[in-house]
Amino acid sequence: MKDKDAKLLPFVKWVGGKRNIIKKHLDGLLPKEFNEYYEPFVGGGSMFLHLRPKKCYINDINNELITTYNTVKYNPEKLMKKLDEMKSQHSKEFYYKVRSWKPNNELDTSAKFIYLNKTCFNGVYRVNSKGDFNVPFNGISKEKLNLYDKENILSIHNYMNSSDFKAFNEDYIEFLKKPKKGDFVFVDSPYDYEVGVKGFDSYNKSSFGQKNQIFLADELKKLDEKGVKFMATNHSTNLIRKLYKDFKIIEINTDRFVNSDPTNRKQAAKEVIIMNYEE
């Protein structure tokens with residue numbers, strides 16, 4: 001399969017990832033034309049891998065995630081070799097040994113990140129107040145463990161190196177100063193939750209919270225004034241509908257899978273797609 005025809009898929013699992021709703025809901029709403037592409041909360045990267053823009057700038061506050069994207073760009077073969085070595089040692093005991101390991105280089109950091117992502121419970125990235133990853137082992141056996149898809153990793157590597165691609169590890173407010181008139185920003189931030197509704201935003205030691213939802217809305221309004229197109233996704237809460245009342249809002253039904261109880265892991269939720277342009 002030629003790289004230009006390959007379907008690029010996320011190489012890590014990510015809570016709130018958009019892979020399942022891009023084709024069903026988002027694809028037909030994307031702008032037909034734009035200059036540069038920006039994504040301030042990239043996570044698993046479903047959208048930029050779907051679009052494959054020629055000028056692509058992604059960002060995330062998670063340093064290990066961005067380190068891993070850069071390793072895929074510059075050292076995919078070494079990364080896959082390291083993952084093969086880790087798979088050969090895989091066990092419950094090895095998982096907890098890796099979880100407490102403190103790598104001192106980017107290759108080892110990336111290998112640890114992918115290994116834990118594929119062997120932790122439900123693929124959740126969660127840290128405690130000290131910033132330490134604390135998700136338990138998912139019990140997968142060595143025989144069933146698949147840490148990577150070689151063709152996919154190499155296709156992503158080739159895309160990154162055949163385009164103007166850069167990965168940033170900045171605060172989203174700093175990153176959102178970069179887009180210019182005619183650019184497109186896709187915003188999949190941690191979601192807002194109504195009071196009393198269980199949610200998940202422990203992607204780093206500081207939760208996002210409603211304060212940041214307000215800050216983010218202010219930044220997107222500044223982009224709108226600059227002539228930057230944006231699409232944002234979030235839960236359909238009172239706060240979100242109020243913050244974006246001056247923009248186009250489309251409500252959709254989705255399923256979320258973040259519960260520890262397998263019988264209650266799939267739960268319907270109402271989400272919104274927010275746009276400042278006509279598709």
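The protein chain has 10 helices and seven strands, where helices (H or I, at least four residues) and strands (E, at least two) are DSSP runs numbered from the N terminus. This is a predicted model, in which local features need pLDDT of at least 70, side-chain atom pairs count only at pLDDT 80 or more, and totals for chains, interfaces and linings use all residues. Residues are numbered from 1 along each chain as its sequence is written, and side-chain values use heavy atoms, with hydrogens and water left out.

Of the 279 residues of the protein chain, 49% count as buried; buried means under 20% relative accessible area, exposed over 50%, and partly exposed in between (1.4 Å probe, protein chains only). Among contacts in the protein chain with a separation of 6 or more, 72% join residues 24 or more positions apart, contact meaning heavy atoms within 4.5 Å.

Helix α6 packs with two helices, as tabulated here. Axes are lines fitted to C-alpha atoms, for helices over the stretch in contact, and angles run from 0 to 180 degrees between N-to-C directions.

| Helix pair | Axes come within | Crossing angle |
|---|---|---|
| α5 (residues 92-99) and α6 (residues 106-119) | 10 Å | roughly 135° |
| α3 (residues 63-74) and α6 | 8 Å | roughly 110° |

Helices α3 and α6 are therefore roughly perpendicular to each other; angles under 35 degrees count as roughly parallel, over 145 as roughly antiparallel, 65 to 115 as roughly perpendicular and the rest as oblique. On the α3 side the contact is made by Glu64, Leu65, Thr67, Thr68 and Thr71, and on the α6 side by Glu106, Leu107, Thr109, Ser110, Phe113 and Ile114. By class, this contact of α3 with α6 has four nonpolar, five polar and two charged residues. Here Ala, Val, Leu, Ile, Met, Phe, Trp, Tyr, Cys and Pro count as nonpolar, Asp, Glu, Lys and Arg as charged, and the others, Gly among them, as polar.

Helices α5 and α6 are therefore oblique to each other. Phe94, Tyr95, Val98 and Arg99 of α5 meet Lys112, Tyr115, Leu116 and Thr119 of α6. That contact of α5 with α6 has five nonpolar, one polar and two charged residues.

Phe113 lies in helix α6 and is buried, with a relative accessible area of 4%. Beyond its neighbours within four places in sequence, Phe113 is in contact with Val12, Trp14, Asn62, Glu64, Leu65, Thr68 and Tyr125. The C-alpha atoms of Phe113 and Arg99 are separated by 9.2 Å, the two residues being 14 residues apart along the chain.
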